[in-house]
Amino acid sequence: MTDELPRTSTASNAAGGDPYPAAGQPLLRIEGVTRTFGTFRAVDGVSLDIKAGEFFALLGPSGCGKTTLLRMLAGFEAPDEGRILLGGKDIAQALPHERPINMMFQNYALFPHLSVRDNIAFGLKRAGMPRAEIAIRVAEMVALVKLEGLEKRKPDQLSGGQRQRVALARALARRPQLLLLDEPLAALDKKLRESTQGELMELQRRLGMTFIIVTHDQEEAMTMADRIGVMKAGKLAQVASPRELYEAPRSRWIAEFVGDINLFDGESKLRDGHRLVIGTRDAGALVVAEPREPVGAGRLAVAIRPEKVKLSRRGPVSEAGRETAINRLDGVIADICYLGGTTTYKVKLDTGGTVQASVANSARIDVDAYSLNQHVVAWFTPDDCVVLPS
Amino acid sequence: MSSRRIFARPARFAAIAPYVWMVLFFMVPFAFVLKIGLSQTAIAQPPYDPVFDLTAGWDALRGAFAALSFDNFKLLVSDDIYVFAYVRSLTVAITATVLLLLIGYPIAYGMARLPRRWQAVAMVLVIVPFWTSFLIRIYAWINILQHDGLLNQILLALHLVSRPVVWLSTDSAMYIGIVYSYLPFMILPLYATLAKMEPVLEEAAGDLGAPPWQVFWLVTFPLSLPGVGAGVLLCFIPIVGEFVIPDLLAGSNSLMIGQTLWLEFFTNKDWPVASAAAIVLLVVLLVPLLLYERLQKRQLEHER
């Protein structure tokens, strides 16, 4: 097992060209990139900076343009407008084989006529690496992805998980400045997917490489990435850390796309210091913390994550000082969804709407569990609310 | 258990069917031809000797068997005419197959990369010549290639030549005819393998640093080899025995084995030599067939 890979061997220069920028320095700059197919703007004026050593995820529903953007980085599509700068050099029009970027394909795209060893060595041979060095590098890669003993197998003699590892080893073998991963775990079953997520993160950290992953699975993006770019209809809707994306979504659409959320439409009523009172149709007046970016007067939505909604039989048991500002909603339990670690209760409010509350099952035998049609109070603090333009 | 037997029986019959077919329509006729090949020419009806007569009794049959000999096969090997005919057949077939591959591969590749709905159109265009009789199409080529034919008219009009070129009764005319006639048999299996191939494999090769020509040689071509093999066999084997095209389009100074067979059979009425020539041709053709099958088997075992 090789734990540390030398970063500046002659081979990496032969394969990659330029030396790596130090971690944290900008590696890739995407400037106003647009790609249209006919009249359809698949990618529409996207600008994005990615730092060396970053694990970046492009997240979005299918057809949002994330794969097209990735394919432009790999060189399979050329942008109609905009620049793609890698280490300061515009590569927007460079052909795939001229770029120090490698890609791990969605269904792996392993060469079926080549053995595991030859698949991994393919890129090294193209770079003109000497035979002896290729053998060493291939052995390194095989050890890295734990495929020892399978070097002579053909791809169709491997399991899905093994194929995924070969694809990863093949893409990493040239030590690219940037590794693109197109839905790399989509073909694996859930258990394997979760363990592989961890391995990918560990590998990325150990090699100090820059990864850009495309995924439609928000949990996968949240787990692995340092930063997430959410795409919608060809545009970047928000670029943020997983926590920021979840706790401070910038729009109603993002709030609903990432995780579960309760949304109450309403209008701003009055300001009380750092608090804002918003009158909602379904949940009455809600007190929220004043948002960082001022929201316009018109229609608003109050968003609250289900796990931040607490339930109790008689109302919040909390410090007297905060009591006035707490949002209390009376209702009855309308639906119970037991998920193992948590239970999601749907509460039908007396004011008309419903609110979802997710409660951790912290005890095995829970005598306090709520039952259907039980009267409860759902409550949450102003700081847990997010105000979004409607 | 009983239900399994009900289903097993028709399945077993289905498995036997190809063997019955082989025996009835290949092995039995082959035995006839082999027997004639071992006989001697005779001015009689049928024109060879001995004739197996099952009604004449056991001794007569034994005598007939004793009269069989390998004389015709010895003649085939010793007489230059036949050796040359075989060599020419193989040369023509190899040359034509290479030409077919060189012309057919780009066409098949182009077809496989067309948008889906255009692929169907291209497919029809490849097959459409079959709707006209083969013979009529070859006669059409005679028309095109003759002294004042279309080809010479075009060449003259474009001032590419100053005098009409002699095309008919040349090897060029024969190759034009063969390539034209067999092209669909080369294109279709190639197209089938190339269309099945995932274009993402070519992208992966490019991504790993292979310029386009390497992508072709290292990925596209090796993966299309089953199609190449099928196309080559589908063309090579019938071209070796080709009779009509060389007879109508090529000169008469060197004959292919198909023409020699025809001469022996119809003109010389020498059935035994014609039969022997046919059997040798079959053996010659079996060699590449077995070679191909062996290669495929090895590949299958490798994959397992």
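Leaving aside its neighbours within four places in sequence, which residues is A:Leu180 in contact with?

**View 1. Around A:Leu180 in the predicted model.** Skipping those close-in-sequence neighbours, A:Leu180 is in contact (C-beta atoms, placed from the backbone, within 7 Å) with A:Leu70, A:Leu73, A:Ala74, A:Ile101, A:Met103, A:Met104 and A:Ile212. This is a predicted model, where local features need pLDDT of at least 70 and side-chain atom pairs count only at pLDDT 80 or more, while totals for chains, interfaces and linings use all residues. Residues are numbered from 1 along each chain as its sequence is written, and chains are lettered from A in the order in which they are written.

**View 2. The nonpolar cores.** A core here is a set of buried Ala, Val, Leu, Ile, Met, Phe, Trp, Tyr and Cys residues joined through C-beta atoms within 7 Å; buried means 20 or more other C-beta atoms within 10 Å of the residue's own. The largest core has 104 residues, and A:Ala169, A:Leu180, A:Ile212 and A:Val302 touch the most other members. Helix α5 of chain A (residues 160-173) gives this core its largest share, 7 residues. Helices are DSSP runs of H or I, at least four residues, and strands are E runs of at least two, numbered from the N terminus. A second, separate core of 44 residues includes B:Leu100, B:Val179, B:Leu190 and B:Ile245.

**View 3. Where chain A meets chain B.** Chain A brings 18 residues to the contact and chain B 16. On the chain A side, β6 (101-104) and α3 (116-126) each supply at least two residues, with α3(A) giving the largest share, 3 residues.

Note on methods
Contact = placed C-beta atoms within 7 Å. Buried ≥ 20, exposed ≤ 12 C-beta atoms within 10 Å, placed from the backbone.
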